[in-house]
Amino acid sequence: MSGVHIIGAGIHPFGRTPQRTGLQQGAYAVRQALASAGLDWRDMQFAYGGSDAAGKADTMVSELGLTGIQFINVANGCATGGSAMFGAYATIKSGEFDLGIAVGFDKHPRGAFDPKPAEWGLPEWYGDTGLMLTTQFFAMKIQRYMAMHGITAPTLAAVAEKAFDNGTLADHAWRREPVDAATILAATMVSDPLTKFMFCSPAEGAVALVFASERKARELGSRSVKLRAAAVRSRPPGSFEVFSPALEIERGPSPTVIASRAAYDMAGVGPEDIQVAQLQDTESGAEIMHMAENGFCRDGEQEAWIAEGATRIGGRLPVNTDGGCLACGEPIGASGLRQVYENYMQLTGQAGARQVPGDPRLAYSHVYGAPGVSAIAIVER
Amino acid sequence: MPDWPPPVDDRLLSLDASGAITLYAARDRESGRLVYPPPTDDDRFQLEPLPRDGTLWSWTVQRFRPKSPPYAGPEAFEPYAVGYVALGDALIVEGRLTGAALDGYRIGMRMMVTAQRFERSDGGVQTTFAFAPTEPSA
């Protein structure tokens, strides 16, 4: 079994790019990633790619070159990017190939997603009567968490304020203007306790990562990070997920908790070893809850951590150093790979104005989505 | 006694002559698990009434009109509260909340299931369910 390295990373700026389709943004990210690795498309032996709503990834060969490459499309909802990465990880680890690429891209229309009950195995009345909204789920999960663990609304605002501050430092971010906590708190309420600045928006963007075996990475002499763990897990009994007409009385852990444990086991490290983390922040509360679900702190400790600035760049554990989904928006197929892109940039010292000080070596990323799936990656320089 | 329009789903709820509402889940005959909303497979599942009372587990307010589809409510939008109510030791069920101010709900409040008229944007009217505080709030 080979060690797996990421030897190049490319991104198409997130946000809105009317002049490019999602697929074109994907091809753009691939070219950026190849350039970053000093390689050519013809060097790629395999590719995994996917989008949730912007077309079939493998059709980008017409733009990149008809090399006959093994190109596998991935469609796994919110974990599409994470699953593409897992495919690349497993392919290299098995020894099947030693150089390949994972690409994720998307282009969503404005506003909240509009799901159809039948596609989720739900009756029509659930959608008809106005219960089928992701925003309600996120609001109710954090509402209960706040009541149980003493998290306050100003802490929700502080998370969003940090995201926009970090976004001003990231070239690929969508929201590049700071928004202060008072404005965030006073903004239009979307779903109590979350205001409009506390939610991320569906957006556009693309990310590609070049993967190589340990031997190949050494041979190429690339600026690389080692993928110490890649774990994707679906929901266990008793987890609280989006579009749930009912929950079981006996509550259980989230898919994030079990994916996280698996990833730490795989990497042989613990949360205390991590120096920078990218955590799913669909809304500010999600970042707070995911700090605990991923083992970085105990439930309720976030209130003090965030007040002290522990999750800011320069803090004890910088979280979402490029502004996360709140500042970058959420193109579903690209979002999980953006987190790994950001960790690659941080660990290889290429993060510019948002560089985490202290020469970090170990970074963690966590993507979560419907209907209850989490993907974790731990990378080390 | 108000005349209630047809339910949004026949298997989901029933109303007795006095207008009292019962919500249903279904028991999986094989695993013994309680499933909600009740599936249509009668060979495998048996309908079972849910407790009428419970406590509020979480809540929020829908402040903007949801997209249509799937939302089938009227064009003119009034914000509504939504929550999960733990019904005895059966299930924690999601539904609209009624009977208090939009910001008048608190986790742990005693709640009961109640019938609610649902007006559709296509002009139809149906009966759905909601949860209301057992003791009217001041």
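Predicted model: local features only at pLDDT ≥ 70, side-chain atom pairs only at ≥ 80, totals over all residues.
## Overall build

The C-alpha atoms of chain A fill a box of roughly 55 × 50 × 40 Å along the principal axes. Take the contacts in chain A with a separation of 6 or more: 76% of them join residues 24 or more positions apart.

## Inside chain A

Of the 381 residues in chain A, 59% are buried. In soluble globular proteins, nonpolar side chains tend to be buried together. Here the largest nonpolar core holds 162 residues. Which members touch the most others? They are Met85(A), Ile101(A), Ala102(A), Val103(A) and Leu209(A).

Look at Leu209(A). Leaving out residues up to four places away in sequence, Leu209(A) touches Met85(A), Ile101(A) and Ala102(A), among others. Its partners also include Ile6(A), Leu337(A) and Tyr341(A).

## Where the chains meet

Chain A puts 30 residues in contact with 33 residues of chain B. Elements of chain A that give two or more residues to this side are α4 (124-128), α5 (134-149), β5 (189-191) and β9 (246-248). α5(A) gives the most, with 6 residues. By type, the chain A side divides into 17 nonpolar, 7 polar and 6 charged residues.

β9(A) runs antiparallel to β7(B), residues 91-97, over 3 bridges. One bridge links Ala246(A) with Val93(B).

Terms used
Residues numbered from 1 in each chain as written. Chains lettered and ligands numbered in written order. Core = buried A, V, L, I, M, F, W, Y, C linked by C-beta atoms within 7 Å. Buried ≥ 20, exposed ≤ 12 C-beta atoms within 10 Å, placed from the backbone. Contact = placed C-beta atoms within 7 Å. Helix = DSSP H or I, 4+ residues; strand = E, 2+ residues; numbered from the N terminus. Nonpolar A, V, L, I, M, F, W, Y, C, P; charged D, E, K, R; others polar. Pairing = 2+ DSSP bridges.
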